[in-house]
Amino acid sequence: MALAVLAMENAAESPQAQLGLIEAAKAGDLAAFETLMRQHERLVLVTALRLLGSLPDAQDVSQEVFLRLYRNLGKVDAAGNLAGWLYRVTANACHDVRRRKRPESPVEFAENLRAGGADPQQAATEAERRRVLEMSLQMLPEKERAALVLRDLEGLSTEEVARALGSSEATVRSQISKARVKVRSFVERYFRSRNLGSQ
Amino acid sequence: MHCKDWEERIALHVGGDLPAAESSAVERHLGECSGCQVLWSGMKESLELLLRAHAEPLPPAAYTAVRGRVIAELVDRRRVWWRWAAGLAAAVVVMLVALAVWQERPVPPLPRLAMAVPAAPPLAYARGSERGPVRSHDRKGVVPTHRSPLVPRQPLLVRLVTDDPNIVIYWIAD
């Protein structure tokens, strides 16, 4: 039974089924559009969350992205490129949100680092991993963060990342390598600081 | 300490972003340089940590909230659209009814026309001529005038008789 449900879900995500859903949604079928949203909500919300670092902001962006999708159903290429379109629109919407918001200052960031590292209760928990993820992404410049999130966390190819971010593959590779070096140095500092705090 | 020259290539090698030739060169270097090996393993571990954190699912309520907001917005927009459409349809119906009423109104009979056509003006004769009417081409040295005082023009008179015997409309065209 579970296998059958899984098979149905997979079938629903095939290009033909997706095309059917897009056509139905275009004709005004809100249930079809909701199914389309369910299929892509993780992609949009989690990407926005990694890029913005705040769930309420990520939810606002997701709402905007899906409303934009509804308006552009006629333009979206149904032959498997819906995900690419969603990544691009999500990255752009997050960029707009960040531009409107005040960036976190390095002093606040250092405070966060000390506060997090001093709590032994968080050691090796999921919450700590999440915290390290959020903080290491927040300390990266916007473009390096976007490249790292799409390439390393979302698993897109360099070419797909370049298309989503509107830059060249060479630029993306350079951004990814810089981001990886910075993340590694941040994670090491974080755990060193935590260990010192707990002693 | 690791080699700065190799840093970028090691970072790309960690994620499998290097072509095969460059990748094997990096691996050879890692075999020889312990500092770069530490860099490589640190980078690999930190990326794995990030991936594990990224794979943790968000609470389903986070998705439900977004879906609910989007659907509510679409339903609301559709309601507004229908309101506009209904208003437009009502306006069209009112206009059609008004047009039908206007076309069905009693039309008063048109006033009868009585046209008095004056008699044709007499032909002008040149003073002292016995031959008949003078034409411009057979009067040498005489410049014909467009409006000769000898040819008085009669105005066109139109008399409109209405149902009311006390009202008669004259239309005089010069």
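What separates B:Glu73 and B:Arg77 in helix 4 of chain B? Being 4 residues apart in that helix, the two are separated by about one helical turn. Their side chains form a salt bridge, with the closest N and O atoms 3.4 Å apart; the term stands for a side-chain nitrogen of Lys or Arg within 4 Å of a carboxyl oxygen of Asp or Glu. B:Glu73 is partly exposed, with a relative accessible area of 30%, and B:Arg77 is partly exposed at 34%. Here buried means under 20% relative accessible area, exposed over 50%, and partly exposed in between (1.4 Å probe, protein chains only).

This is a predicted model, in which local features need pLDDT of at least 70 and side-chain atom pairs count only at pLDDT 80 or more, while totals for chains, interfaces and linings use all residues. Residues are numbered from 1 along each chain as its sequence is written, chains are lettered from A and ligands numbered from 1 in the order in which they are written, and side-chain values use heavy atoms, with hydrogens and water left out. The model scores ipTM 0.78 and pTM 0.68. For chain B, the mean pLDDT (the predictor's confidence in each residue, from 0 to 100) is 80, and 74% of the residues reach 70 or more.

Chain A has 10 helices and 0 strands, where helices (H or I, at least four residues) and strands (E, at least two) are DSSP runs numbered from the N terminus. Of its 199 residues, 44% are buried. Helix 2 of chain A covers residues 15-26, and its buried residues are A:Gln18, A:Leu21, A:Ile22 and A:Ala25. Seen down the helix axis, these buried residues fall within an arc of 100 degrees, so they line one face of the helix; the arc is that of the directions from the axis to the C-beta atoms. Just after helix 2, A:Gly28 takes a positive phi of about 100 degrees.

Over all chains, the whole structure holds 18 salt bridges. One of them joins A:Asp60 and B:Arg69 (2.5 Å, N to O), crossing between chains from helix 4 (residues 55-71) of chain A to helix 4 (residues 60-104) of chain B. A:Asp60 is partly exposed at 42% relative accessibility, and B:Arg69 is partly exposed at 29%.

Within chain A, A:Arg180 and A:Asp152 form a salt bridge at 2.7 Å.

Definitions and conventions
Expected span 1.5 Å × (residues − 1).
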